[in-house]
Amino acid sequence: MNEFTSRIPDATVRRLSLYLRFLEDFERLGVTSVASVALAERGGTTAAQVRKDLSHLGSYGKRGLGYSVAELTGVLRGVLGLDCVWRVALLGAGRIGTALFEYEPFRRRGFHITTVIDNDPCKVGTGLGSIRIRGQHELEDALCEDRIDLVIVAVPAPVAQGLVDRVVAAGVKAVLNYAPVQLRLPADVALRNVSMLVELESLSYALARHRT
């Protein structure tokens, strides 16, 4: 990522990810150019916001012609790092972990789960897909041997922080957390939390407001 794109705010990065999905939809439909208003309608935002977000990438749109779908798709894939293959370790082979492992869009986006770690003696040594499940005592060796870039955490809350501390000490710089706990990580490690409970509570709040 160059200096121009390195300062993109997190909220903008999330919208860029959405724009990429919309552009891929347009590409499948054979659309060759798209206006900011079309991306805005898909994303529930404004054309001005779309143009502001895309201005972080440089100058690609043409007044009256919009954006080239193929060109902008390629630029967004590059900015989001999707022109790379990222090696992923999955911590936890329970129900959530197994569902994540089987989620095919991960692989299509370049996120390849090459390592699976679990502490269940009944699972260690068995296979998840083509991957042999390794025990937690093998964590550091597995991260090093498999040259892991990113770790997905899908373990119970009480053990999550301890495992992540070991992951960070091993040099991994990106963590996607599904465990129901707020992890503490150094500032130079990227952390994203996925909390289904928080999202459900947000929906509960919305439903409760409608009832009053």
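## Aromatic rings

The count of aromatic pairs in this structure comes to one. The pair is formed by Tyr103 and Phe106, with 5.0 Å centre to centre and 85 degrees between the planes. The arrangement is edge-to-face, because planes over 60 degrees apart count as such. The model is a predicted one.

Tyr103 has a relative accessible area of 45% and is partly exposed. Phe106 is at 17% relative accessibility, so this residue counts as buried, the limit being under 20%. Another ring, that of Phe26, has the charged end of Arg42 over it, 4.6 Å from the ring centre.

## Sheet

Seven strands make up an open sheet with mixed pairing. Their order is β5-β6-β4-β3-β7-β8-β9. At the edges are β5 (127-128) and β9 (190-193), each of which pairs on one side only.

Within the sheet, β4 (residues 111-118) pairs with β6 (residues 131-135) in the parallel sense, over three bridges. Asp118 has Gly135 of β6 as its bridge partner.

## Helix α8

Helix α8 covers residues 157-169, which is 13 residues. At 1.5 Å a residue the helix should span 18 Å, and its end C-alpha atoms are 19 Å apart, so the two values agree. After α8 comes Gly171, with a positive phi near 100 degrees.

The buried residues of α8 are Ala160, Gln161, Leu163, Val164 and Val167. Among the elements covering them are strands β3 (86-91) and β7 (150-153) and helix α7 (139-145).

Terms used: Residues are numbered from 1 along each chain as its sequence is written. This is a predicted model: local features need pLDDT of at least 70, side-chain atom pairs count only at pLDDT 80 or more; totals for chains, interfaces and linings use all residues. Side-chain values use heavy atoms; hydrogens and water are left out. Helices (H or I, at least four residues) and strands (E, at least two) are DSSP runs, numbered from the N terminus. The expected span of a helix is 1.5 Å times one less than its number of residues. Buried means under 20% relative accessible area, exposed over 50%, partly exposed in between (1.4 Å probe, protein chains only). Contact means heavy atoms within 4.5 Å. Two strands pair if DSSP finds at least two bridges between them. Rings of Phe, Tyr and Trp (its six-membered ring) pair if their centres lie within 6.5 Å; planes under 30 degrees apart count as stacked, over 60 as edge-to-face and the rest as tilted. A charge sits over a ring if NZ of Lys or CZ of Arg is within 6 Å of the ring centre and within 35 degrees of the ring normal.
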